[in-house]
2 protein chains.
Amino acid sequence: MRIVVVAGGVGGARFVRGVREEVQRHRPGSTVDVIVNTGDDWWLAGLRIAPDFDSMLYTLSGQNDEERGWGRVGETERVSAELHAYGVAPEWFTLGDLDLGTHIARSAWQRAGATPSDVARRLQERWPLGVTLHPATDEEVDTHVQLAGDSAGEVRELHFQEWWTRYRAALPAARFVQHGIERAVPSPGVLDALLDCDTILIAPSNPVVSIGTVLAVPGMVEALTAEAAPIVGVSPIIGGSSVRGMAEACLSAIGVQTDAAAVARHYGLRRDGGLLDGWLVGLEDATAVDALESEGFAARAVPLWMRDLDTSAALAAEALDLALALRP
Amino acid sequence: MRIVVVAGGVGGARFVRGVREEVQRHRPGSTVDVIVNTGDDWWLAGLRIAPDFDSMLYTLSGQNDEERGWGRVGETERVSAELHAYGVAPEWFTLGDLDLGTHIARSAWQRAGATPSDVARRLQERWPLGVTLHPATDEEVDTHVQLAGDSAGEVRELHFQEWWTRYRAALPAARFVQHGIERAVPSPGVLDALLDCDTILIAPSNPVVSIGTVLAVPGMVEALTAEAAPIVGVSPIIGGSSVRGMAEACLSAIGVQTDAAAVARHYGLRRDGGLLDGWLVGLEDATAVDALESEGFAARAVPLWMRDLDTSAALAAEALDLALALRP
């Protein structure tokens, strides 16, 4: 079985870990390719940082700090203290020493001509993950946030990372923009992975700034929906609040309710030109299933909380089961 | 008194620390400007590294590792281990974590348009040194080593750092080259410092790959000798061997004996179109003084070993005394 997952960072990594586990347990011989959000990427102190990709890399290689929930285990911040003293890195963004090794390697390779896809391959040569990670696009289309201005005509814009990490998404966002997105195309690995794949899963990542930025790459939705493979999404909203992160602030900026069914409708029904064939909601949202089904979504209520490897694998199994049931 | 010192890295830093000490003790109100060798600089893992400048910076700010003799005190190498694992930095070059902070800052500033002189200023804003360091030139003219080839016509060339650090200067060198040196000019701070200065000291640094690369900058010797300020050098050779480093390998490549008097003759007598007015040799080389004097050098035999701050300051006092005696 050839499985493709569209995912963001930390939450996406947890879901992909579950997919990998489920595949290893029950579907040997299957492949898992992951289309990773690149909208969070940015340049900091002359270094190219890819937070979602690195969260995937560290989580799937067992290098992540489980207690903290992100970054490398056993991390220190000696270099970061120097960068703060020199004033070249903001205090509000954490740069671990081990993590910096990845950023320096990525930046050196990219400056030597490697694409983000090339970099992704090299990083995975060090740590074979059992799945294959692909940046959604090789174009640099970092997400920026346009704030709701006080006075008409005034637009203040900041990089997504500053809005998200420094301001904890507390400044009301009017719009998310990816400058130059019109030039972007899906990365070569993404297109290869989608060709003749059997199922496509949408991880329970932020629908706006993680999944949304992947889908914003011109040609991405067309590539995802060109195949016969069913597309099954997992709701990142459980019982009206986001599982992790600050998805509410992102959803409200684009006028979508923080609600499992609302997110499905935002992605849209594939047969109506949208994305989804199926949609998994939490047991807490079981009452939404009937309405979704009547609208054409193949909807199921399942346990959505990924508390550990077993619950993550069980969720992946539900998603794969639904996809198999939807196969033409 | 306006003092200018031409210097390389670790040994030069020790001498400059002595000059600073002597000035603070006995010549208050004097200024010390240091022209620092940039020939050892290189790009490593996409980062701009300036070993001599940083040795100066760390030594004069009290951050250097006195026991090891170089680098930052309390240094660790966590990032370096990552870079080795990714294969982006050679195992034979040490990159400390704290030191990497400096390299990342320098690289970020340079990529944002700052010159090496601008970077030098910013680094010294963090650590006021009591002296002012200037890169010899803002041009990138890293030293390369052409090896003595086995067969005629075959020239193998490597960066100075690889020859020096990896091969410990053990591969016979045929020639030292700085590609693009013809485009280089002394940095603005160098020219400002030399204007109307009172004395110029040549530190006991490597005459070939430290002082020699500074002097190779077009216009540098002219700028040094344009002033009335006496130029007094300190021999890096004591009793026929180099005080530190592997100067013999460099001197032999350019056909100069490892000998205090030979180095003075290599620099040349200023009135004959060379560099020096005066030259300090060690007590071990006192017998060379008469010959040097008869050739026109103002030569003195003094204790050259810089064992601590006091002996370094005493040596600086000898150099300044000789310079004062030579003032027109």
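**Reading a predicted two-chain model**

Q: What do the buried residues of helix 11 of chain B pack against?
A: They pack against strand 9 (199–202), helix 8 (211–215), strand 11 (237–238), helix 10 (247–253), strand 13 (278–282) and helix 12 (289–295) of chain B. Contact means heavy atoms within 4.5 Å. Helices (H or I, at least four residues) and strands (E, at least two) are DSSP runs, numbered from the N terminus. Buried means under 20% relative accessible area, exposed over 50%, and partly exposed in between (1.4 Å probe, protein chains only).

Q: What kind of model is this, and how are its residues numbered?
A: This is a predicted model: local features need pLDDT of at least 70, side-chain atom pairs count only at pLDDT 80 or more, and totals for chains, interfaces and linings use all residues. Residues are numbered from 1 along each chain as its sequence is written, chains are lettered from A and ligands numbered from 1 in the order in which they are written, and side-chain values use heavy atoms, with hydrogens and water left out.

Q: How many residues of helix 11 of chain B are buried?
A: In helix 11 (residues 260–267), 6 of the 8 residues are buried, so the helix is largely enclosed by the rest of the structure. Among them are Ala260(B), Val263(B) and Tyr267(B). Gly268(B) follows the helix, with a positive phi near 90°.

Q: How are two copies of a chain related?
A: By a rotation about an axis and a shift along it.

Q: How many residues does the contact take from chain A and from chain B?
A: Each of the two chains gives 28 residues. They bury about 2,400 Å² between them, 65% of it on carbon and sulfur atoms. Buried area is the accessible area (1.4 Å probe) that two parts lose on being put together, summed over both.

Q: Which helices of chain A each supply at least two residues of the side that touches chain B?
A: Helix 3 (78–86), helix 4 (97–111) and helix 5 (116–126) do. Helix 4 of chain A gives the largest share, 10 residues.

Q: Where do Glu66(B) and Arg17(B) lie?
A: Their side chains meet in a salt bridge (2.9 Å, N to O). Glu66(B) lies in the loop between helix 2 (51–60) and helix 3 (78–86) of chain B and Arg17(B) in helix 1 (residues 10–26) of chain B, so the pair ties together parts that are 49 residues apart in sequence. Glu66(B) is partly exposed at 44% relative accessibility, while Arg17(B) is buried at 16%.

Q: Is Arg48(A) buried or exposed?
A: Arg48(A) is buried, with a relative accessible area of 5%. Its place is in strand 4 (residues 47–49) of chain A.

How values were computed: A salt bridge is a side-chain nitrogen of Lys or Arg within 4 Å of a carboxyl oxygen of Asp or Glu.
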